Amino acid sequence: MTKTELAAKVAEKAGISKKAASEAVDAMLVSITEALDAGEKVSIAGFGIFEVRTRAARQGVNPRTKETIQIPESKLPVFKAGKSLKDVIAK
C-alpha cells in the first residue's frame, strides 16, 4: 500500500475528502519523524512503538581489499509491533 492508497482508505473510513486525509497522513508522518529526530519514543496504543536505537561502533571488513575498517556508531529508526497488531496478523 502506498501513501496515496493509505490516504484514500483514511478518507473512506473517516468520511472526509481525500485531500484532507492526505494532509492528515502527511501531518502524522511528519510528527512521528520530528519526535524521533528529537530522541522521543512514539507509542500508539494497540499498534506499536516507534523509537530510535543506537547501533554501537564495530569492526568490519572491506570485501574488496579484506582490510579491517572501523564502522562508526549509527542511529536507526525501529518499530516494535504492539500486541493487538500482532494478534491481527497472526490469525
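## The aromatic cluster

Phe47, Phe50 and Phe79 are linked into a cluster by ring pairs. Rings of Phe, Tyr and Trp (its six-membered ring) pair if their centres lie within 6.5 Å. Planes under 30 degrees apart count as stacked, over 60 as edge-to-face and the rest as tilted. By this rule there are two aromatic pairs. A pair of aromatic rings is described by the distance of the centres and the angle of the planes.

Phe47 and Phe79 form a tilted pair, 5.4 Å centre to centre with 50° between the planes. Phe47 lies in the loop between strand E1 (42-44) and strand E2 (48-55), and Phe79 lies in strand E5 (residues 74-81), so this pair ties together parts that are 32 residues apart in sequence. Phe50 and Phe79 also form a tilted pair, with 4.8 Å centre to centre and 45° between the planes. Phe50 sits in strand E2 and Phe79 in strand E5, so the pair joins parts 29 residues apart in sequence. Phe47 is partly exposed, at 36% relative accessible area. Phe79 is partly exposed too, at 35%. Here buried means under 20% relative accessible area, exposed over 50% and partly exposed in between, with a 1.4 Å probe and protein chains only.

## The model and its overall form

This is a predicted model: local features need pLDDT of at least 70, side-chain atom pairs count only at pLDDT 80 or more, and totals for chains, interfaces and linings use all residues. Residues are numbered from 1 along each chain as its sequence is written, and side-chain values use heavy atoms, with hydrogens and water left out.

The protein chain has three helices and five strands. From the N terminus on, the order is α-α-β-β-β-β-β-α. Helices (H or I, at least four residues) and strands (E, at least two) are DSSP runs, numbered from the N terminus. The radius of gyration of the protein chain is 19 Å, whereas a compact globule of 91 residues would have one near 12 Å. That radius is taken over C-alpha atoms, and the globule rule is 2.2 Å times the number of residues to the power 0.38. The C-alpha atoms fill a box of roughly 60 × 30 × 25 Å, taken along the principal axes. Of the 91 residues, 13% count as buried.

## The largest pocket

Rolling a probe the size of a water molecule over the atoms shows where empty space is left. The search uses a 1 Å grid over the protein atoms alone. A pocket is an open set of points with protein on both sides within 12 Å along at least five of seven lines, while a cavity is a set where a 1.4 Å probe fits but cannot get out. Lining residues have an atom within 4 Å of a point. Grid points are joined across faces, edges and corners, and a volume is the space filled by probe spheres set on the points.

The largest pocket holds about 200 Å³ of space. Its lining is made by Leu6, Val10, Val25, Met28, Leu29, Ile32, Ile44, Phe47 and Phe50. Helix H1 (3-14) and helix H2 (18-37) are the elements that give two or more residues to this lining. H2 gives the largest share, four residues. By class, the lining has nine nonpolar residues, no polar and no charged. Nonpolar covers Ala, Val, Leu, Ile, Met, Phe, Trp, Tyr, Cys and Pro; charged covers Asp, Glu, Lys and Arg; the others, Gly among them, count as polar.

Strand E3 (residues 58-61) and strand E4 (residues 68-71) run antiparallel, joined by four bridges. Two strands pair if DSSP finds at least two bridges between them. Val61 has Thr68 as its bridge partner in E4. Gly60 has Ile69.

Most residues other than glycine have a negative phi. Lys66 has a positive phi, near 65°. Lys66 is also exposed, with a relative accessible area of 62%.

Val52 is in strand E2. Val52 is partly exposed, at 32% relative accessible area. Val52 and Pro77 are 25 residues apart in sequence, yet 4.5 Å apart in space, C-alpha to C-alpha.

Val78 has its place in strand E5. Val78 is partly exposed, at 22%. Val78 and Ala57 are 21 residues apart along the chain, and their C-alpha atoms are separated by 18 Å.
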